[in-house]
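Q: I would like a close look at one part of this model. Please keep to the charged pairs and what surrounds them.

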Amino acid sequence: MRTDISFPFPLKRACVHEACGNGALGFAAISAALEREQMLWIRERWRSDMVNPVGLTAYLDPALMVLAQVASQTEALAVAEEALRDGAMPLVIVELTRPVTLTAGRRLQLAAQAGKTTGLCLLPEGMGSNAASTRWRCSSVFDSQDSDSTLMHWELIKNKSGTLCDWYVRWTPTKPDPADRLAVVSPPRQ
């Protein structure tokens, strides 16, 4: 994995980050895999799609994932805030379906700082909070060279502590150490 300062991943601790796009779930799974500790995944129970921890075995041990289903986005934000502040889980992922207000985003940031925990909000495009430390647009990329491709394009579209850039990312689950499974390449420039 590339670890120079120009690639702001793994996500910075004691901050809340955001991801959007069709590859956001993969981004969250890779974030969780690199933590290698217990994590909390919060989502609204009315949603028809379902996160299956067993389906994420290429990324992480399903036993490390605690899945919380809540009634509404208000409840999801409250649970995320408490979990971030508590600090018992090093990573808290919350799936949101509506815009995040500046107040709600700031409350999450303060809770993450207090608990020294990493927060990740998965949300639709254009619905993030100005309080987020980073915002990533994640998309899957077709790779004609590999039929079982996990090639993704990660674009850093907001970064409070650095520059904006984008990368092509491939996850290789067969490597023994999760830290070696992530291959990152800057996109070619014209």
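A: The rule asks for a side-chain nitrogen of Lys or Arg within 4 Å of a carboxyl oxygen of Asp or Glu. Side chains of opposite charge can pair when their charged atoms come close.

The model is predicted, so local features need pLDDT of at least 70 and side-chain atom pairs 80 or more, while totals for chains, interfaces and linings use all residues. Residues are numbered from 1 along each chain as its sequence is written, and side-chain values use heavy atoms, without hydrogens or water.

Start with Arg135 and Glu18. Their side chains form a salt bridge, N to O 2.6 Å. Arg135 sits in strand β6 (residues 134-140) and Glu18 in strand β1, 117 residues apart. Strands are DSSP runs of E, at least two residues; helices are runs of H or I, at least four; both are numbered from the N terminus. Both Arg135 and Glu18 are buried. Buried means under 20% relative accessible area, exposed over 50%, and partly exposed in between (1.4 Å probe, protein chains only).

Next come Glu95 and Arg47, with N to O at 3.0 Å. Glu95 belongs to strand β4 (residues 91-95). Arg47 lies in the loop between β2 (39-44) and β3 (65-70). The two are 48 residues apart. Glu95 has 5% relative accessibility, so Glu95 counts as buried.

Arg137 pairs with Glu125, the closest N and O atoms being 2.8 Å apart. Arg137, at 29% relative accessibility, is partly exposed. Glu125, at 44%, is also partly exposed. Shared partners also join Glu81, Glu82, Arg85 and Arg107 into one network of salt bridges.

Together with α2 (73-86) and β5 (118-122), β1 (16-20) is among what covers the buried residues of α3, contact being heavy atoms within 4.5 Å. Those buried residues are Ala104, Gly105, Leu108, Gln109, Ala111, Ala112 and Gly115.
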